[in-house]
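Please work through each solution with the structure in view.

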Amino acid sequence: MKNTFVGTHLDFIGFSASIACAIHCAFLPFLISALPFLSLGFLENPWIEYSIILLSLFLALLALSHGFSKHHKKKLPIIIVSLGFLIIAYGLLWGPEELELIITPTGAVIVGIAHYINWLYIRKSKIEFPDCNHPNL
């Protein structure tokens with residue numbers, strides 16, 4: 001189970017969500033003009049975006065705290081994910097609007113990198129499935 005990236009479910013989900021977020025942030029301006037035609041205008045609502053970010057933050061905290069407490073005791077993934085979410089928050093709330101399309105996806109990619117580093121640490125750990133109590137997702 002430790003040999004595949006997909007095997008570490010929470011990090012795979014977190015990494016995938018981070019990369020999807022980065023793609024979403026980069027291409028949303030091009031899609032906004034098509035949203036009314038696709039009946040997807042509700043996606044422009046800021047609360048949808050904030051909800052997805054909060055869900056991603058919850059997943060990141062769950063995945064990284066599990067890796068930290070059960071596998072490696074290394075703080076680097078937690079520091080990197082914190083930096084990523086701070087950059088996302090800055091881009092959305094305080095950053096210049098013309099740079100949001102660069103700042104926010106950058107934060108999302110950094111969050112994905114934190115999940116990848118956490119996965120690498122988990123892979124190197126000597127703790128296997130029976131002692132770790134991974135949920136069977």
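Axes are lines fitted to C-alpha atoms, for helices over the stretch in contact, and angles run from 0 to 180 degrees between N-to-C directions. Helices (H or I, at least four residues) are DSSP runs, numbered from the N terminus. The model is predicted, so local features need pLDDT of at least 70 and side-chain atom pairs pLDDT 80 or more, while totals for chains, interfaces and linings use all residues. Residues are numbered from 1 along each chain, and side-chain values use heavy atoms, without hydrogens and water.

**Exercise 1.** Determine how H3 and H4 are oriented to each other.

*Solution.* 
Step 1. The axes of H3 (residues 76–94) and H4 (residues 100–124) cross at roughly 165 degrees and come within 8 Å.
Step 2. Angles over 145 degrees count as roughly antiparallel; H3 and H4 are therefore roughly antiparallel to each other.
Step 3. Residues in contact (heavy atoms within 4.5 Å) include Gly84 and Ile88 of H3 and Ala108 and Val111 of H4.

**Exercise 2.** Describe the largest cavity and its lining.

*Solution.* 
Step 1. On a 1 Å grid over the protein atoms alone, a cavity is a set of points where a 1.4 Å probe fits but cannot get out; lining residues have an atom within 4 Å of a point.

Definitions and conventions
Helices (H or I, at least four residues) and strands (E, at least two) are DSSP runs, numbered from the N terminus. Angles under 35 degrees count as roughly parallel, over 145 as roughly antiparallel, 65 to 115 as roughly perpendicular and the rest as oblique. On a 1 Å grid over the protein atoms alone, a cavity is a set of points where a 1.4 Å probe fits but cannot get out, and a pocket is an open set with protein on both sides within 12 Å along at least five of seven lines; lining residues have an atom within 4 Å of a point. Grid points are joined across faces, edges and corners, and a volume is the space filled by probe spheres set on the points.
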